[in-house]
Amino acid sequence: MSRDLAALAAQVRADLTRIAHPAAPWLKPRTGPDGQPALDVLIVGGGQSGLATAFGLLRSRVTNILVLDKAEHGREGPWRTYARMPTLRSPKDFTGPDLDIPSLTYQAWHEAKFGEQSWRDLDLIPREYWAEYLAWYRHVLDLPVRNRCEVVDIAPAADGLLQATVRSKDGEATLHARKIVLATGQEGMGDWSIPAPLRRLPATRCVHSGAEIDFAALRGRRVAVIGAGASAFDNAAVALEAGANSVDLLCRRAEIQLIQPYRWLTFRGFLRHFSELDDAWRWRFMRAVLELREGFPQHTYDRCARHAAFHLHEGAPVVAARETADGVVLQTAKGEIMADFVIGATGITMDFTQRPELKRFAANIARWSDRYTPDESERNERLGAFPYLADDYALCERRQSETPWISDIHLFAIASTMSFGASGSSINAMTTAVPKLVHGLTRGLFKADIDKHWAAFQAYDVKQATVRRDAAAER
């Protein structure tokens, strides 16, 4: 670590010490049915959302926590895997995981590593720098993270605890916790979505943009990208830069989406209070946002358009696909497209049964379609499949009293969007979303122990002063 980064790390620790009040521990240790200590909170997912949640809990004196991630250290989240843009799309001055601690901001890290002039010259944050910043963030805060550990089942246990089955290189083990936070990113409540016409194609011909892709192998090949959001253009650009012979990007809409609705809603009022609106307003807003999809900035488009091999097809949804000896034939509303390889940049699907940790209770997780019926003109089956969450990000039951314990499972991922707006996976929402989540977690932990707190209050007998009654009487 450089001298300036070491100095910044010291400043972070000093800043946190100055705002540590109240420093009193308030949670009593619990023991699981296996006789081992139980965690107060288990966080599944060690990307930026999981790390920020851990930091928020530590600041609230919830220290008996653990973060698990199935990836190797350094490959948590999308930044070194399926994120294929050269820079973040958020403006460089958007803050997030720092939770309003100035010395923890990306800007502070960048200036310590590269200098203040570099920050002033910076346009957008390089993706690799952001990944490096998150690794520093985890290190300087000494967050308790275990890598290469996948949660494959969650079940109820005795004494109001949850039992998580964890798979690692050493086999399977169980952990017990009072609360579990699912900070599991884009596909956290389902899986990547491949359009129906493409599902019969073999993996050698068609993959989702969230998969690992050997772009070098696409040199000289014909590539088709399905979708027209920012991720679609990113994948098209990487294929072009790798030397693809041609890249056809197929957009089902008559015109590509140029507006980025998430830019509008990045203000404290919306970020902090959207989840407090009634269901009708929440549905109206998020339907409008999610039906627009995610727009892309100019430089993302230019990255593709500078290549003569790039071809944009608007109003060209894929209606059928078949493999032939010469490649894949994609039948679109505007004719046939030939490709050697197809990339589906087509988002995610909400299918709780696809997640091993949710299978036990997937059928009883409430969806928006279970709790709210919009007017006919506003209905959307895809959005109705999103989980309907309580005000603390907790899962709700579809049928009451069948699985009451799922109220101690809290979802902080892209699937929380319908209930909370930009939150779980959004950098610019973390400053408001993480405190809201932590507030809900600590509220639940406190209320569950209210009898113990009352007993402790009644037993409290620490005197603040000593009174010499004989000396007072003499005067």
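The legends below describe close-up views of a predicted model.

**View 1. The largest cavity and its lining.**
The count of cavities of 30 Å³ or more comes to one. The volume of the largest cavity is about 140 Å³. Its lining is made up of 13 residues, and those closest to the centre are Gly46, Glu76, Ala131, Leu134 and Ala135. Two helices, H2 (48-59) and H5 (127-140), each supply at least two residues of this lining. H5 gives the largest share, with four residues. By type, the lining of the largest cavity divides into five nonpolar, five polar and three charged residues.

Glu357 lies in the loop that runs between strand S17 (348-349) and helix H11 (368-371). Its relative accessible area is 3%. Buried means under 20%, so Glu357 counts as buried. The side chain of Glu357 makes a polar contact with the side chain of Arg355, at 3.0 Å. With neighbours within four places in sequence set aside, Glu357 is in contact with Val151, Val152, Asp153, Ile154, Thr184 and Gly188.

**View 2. Thr349 in strand S17.**
Thr349 is placed in strand S17. The relative accessibility of Thr349 is 31%, and the residue counts as partly exposed. Residues up to four places away in sequence are not counted here; beyond them, Thr349 touches Met189, Gly190, Asp191, Trp192 and Ser193. Ala236 is 113 residues from Thr349 in sequence, and the two C-alpha atoms are 22 Å apart in space.

**View 3. Thr81 in the loop between S3 and H3.**
The loop that holds Thr81 runs between strand S3 (65-69) and helix H3 (106-114). Thr81 is partly exposed, at 29% relative accessibility. The side chain of Thr81 reaches the backbone oxygen of Gly77 at 3.0 Å. Along the chain, Thr81 and Gly210 are 129 residues apart, and their C-alpha atoms are separated by 8.2 Å.

**View 4. Thr403 and Asn364.**
Thr403 sits in the loop between helix H12 (381-384) and strand S18 (409-411). Thr403 has a relative accessible area of 11% and is buried. A polar contact of 2.8 Å links the side chain of Thr403 to the side chain of Asn364.

**View 5. The cis peptide bond at Pro22.**
His21 and Pro22 are joined by a cis peptide bond. The omega angle of this bond is about -10 degrees. Pro22 has its place in the loop between helix H1 (3-18) and strand S1 (30-31).

**View 6. Asp142, with a positive phi.**
Asp142 is not a glycine, yet its phi is positive, at about 55 degrees. This residue is found in the loop between H5 and strand S4 (145-147). H5 is also the helix that gives four residues to the lining of the largest cavity. The relative accessible area of Asp142 is 65%. Exposed means over 50%, so Asp142 counts as exposed.

**View 7. Arg148, with a positive phi.**
Arg148 is a residue other than glycine with a positive phi, near 55 degrees. The loop in which Arg148 is found runs between S4 and strand S5 (150-156). At a relative accessible area of 46%, Arg148 is partly exposed.

Cys149 has a relative accessible area of 13% and is buried. Cys396 is at 13% relative accessibility and also counts as buried. A disulfide needs a pair of cysteine sulfur atoms within 2.5 Å, and by this rule the count of disulfides comes to zero.

Technical notes: Residues are numbered from 1 along each chain as its sequence is written. This is a predicted model: local features need pLDDT of at least 70, side-chain atom pairs count only at pLDDT 80 or more; totals for chains, interfaces and linings use all residues. Side-chain values use heavy atoms; hydrogens and water are left out. Buried means under 20% relative accessible area, exposed over 50%, partly exposed in between (1.4 Å probe, protein chains only). A polar contact is a pair of N or O atoms within 3.5 Å; within protein, one must be able to donate a hydrogen and the other to accept it, and residues adjacent in sequence count only if both atoms are side-chain atoms. Contact means heavy atoms within 4.5 Å. On a 1 Å grid over the protein atoms alone, a cavity is a set of points where a 1.4 Å probe fits but cannot get out, and a pocket is an open set with protein on both sides within 12 Å along at least five of seven lines; lining residues have an atom within 4 Å of a point. Grid points are joined across faces, edges and corners, and a volume is the space filled by probe spheres set on the points. Ala, Val, Leu, Ile, Met, Phe, Trp, Tyr, Cys and Pro count as nonpolar, Asp, Glu, Lys and Arg as charged, and the others, Gly among them, as polar.
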